[in-house]
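Work through the exercises below with the structure in view. Try each task before reading its solution.

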Amino acid sequence: MTDTIIATLDGQLHRADEPLLRPDDLGVLRGDGVFETTLAVDGIPRDLTEHLERLTTSAKLLDFDVPAELAWRPAIDAVLKAWKGAEGGSEMTLRLMATRGAEAGGEPTTLVIGSDVAAATLQQRAGVRVRVLQRGFAGPDVAAMPWLLPGAKTLSYAVNMAAVRHAKSCGDDDVMFVGTDGLMLEGPTSTLILAEGDTLSTPRRDGILDGITVRRLFAAAEQAGWRTAYGDIAPERLLSADGAFVASSVRMLSPIVAVDGTARAVSERTGELQELLRRDPA
Ligand SMILES: Cc1ncc(COP(=O)(O)O)c(C=O)c1O
């Protein structure tokens, strides 16, 4: 295990136990901030431009500005370099985070954090047991309410984490949320993808995060002859589809092996899809 590596945007590295956040930072007090997480493989972050773009978009939805994309590079480079120096594994979790800053005002607080890929995440790449849980809203309703921050990746993940804890208390690994309209939404930290024949499907992006992993997989899969669709997905399809997956930047593409305690088969095309996702974008 390698120590967590932290850098401020001036490219300065900091010890993981060094105090860097004020107690009155609005990120601490209210979860008022945004973040991104991606995977760096052999010192190269995947989809970095897309993650930086989404960070900027999320902050705009919260009504504050994060530094321009280029301003993040020295910190990202410092973390990647230090990680290699620390002989970390070939994969690293890379986090970018920005809060609104201190309650009294001032600049946003910004940090870049590198850490090991969590053991549970590595384990889940082999298979995930999911519990379908009610999210308490319908995607299209939330999409029309900007104050609910649909599509923003905010630091307010307490509900998402509570849902995962609930799933674990039921003996499962993760959650897939369903909306009050009976349609599937997303996981607390992932996107749902189904494989049915030669078509990959995912829920339409109303009220949920626009996943970078699903976008990347769909682009590669289309070139390989798959059809792709953003649409309405009823919960029954989690069991009836040839393959069901949770997709996210660090976990990548994990086959769902059980839904609400009912086992489901792993599609024989799982390896092919995982390989398409690993490939460098054309
Ligand atoms: C709520 C939510 N949905 C979907 C995803 C998957 O997004 P991405 O593929 O961009 O990592 C995440 C990632 O953390 C997430 O937090």
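**Exercise 1.** Find which residues lie on each face of β12, and decide whether they are buried or exposed.

*Solution.* Take one side: Gly243, Phe245 and Ala247 are buried. Turn to the other: Ala244, Val246 and Ser248 are buried as well. Buried means under 20% relative accessible area, exposed over 50%, and partly exposed in between, with a 1.4 Å probe and protein chains only. Now take the strand as a whole: β12 spans residues 243–248, and six of its six residues are buried. Strands (E, at least two residues) and helices (H or I, at least four) are DSSP runs numbered from the N terminus.

This is a predicted model: local features need pLDDT of at least 70, side-chain atom pairs count only at pLDDT 80 or more, and totals for chains, interfaces and linings use all residues. Residues are numbered from 1 along each chain as its sequence is written, and side-chain values use heavy atoms, leaving out hydrogens and water.

**Exercise 2.** Identify the strands that pair with β12.

*Solution.* Pairing requires at least two DSSP bridges between two strands. Start with β9 (residues 191–196): five bridges link β9 to β12, antiparallel. Threonine 191 has alanine 247 as its bridge partner. Next comes β13 (residues 252–259), antiparallel to β12 with four bridges. Here serine 248 faces methionine 252. Three residues separate β12 from β13 in a hairpin.

**Exercise 3.** Why does valine 28 count as partly exposed?

*Solution.* First locate valine 28: helix α1, residues 26–30. Then read its relative accessibility: valine 28 counts as partly exposed because the value is 48%.
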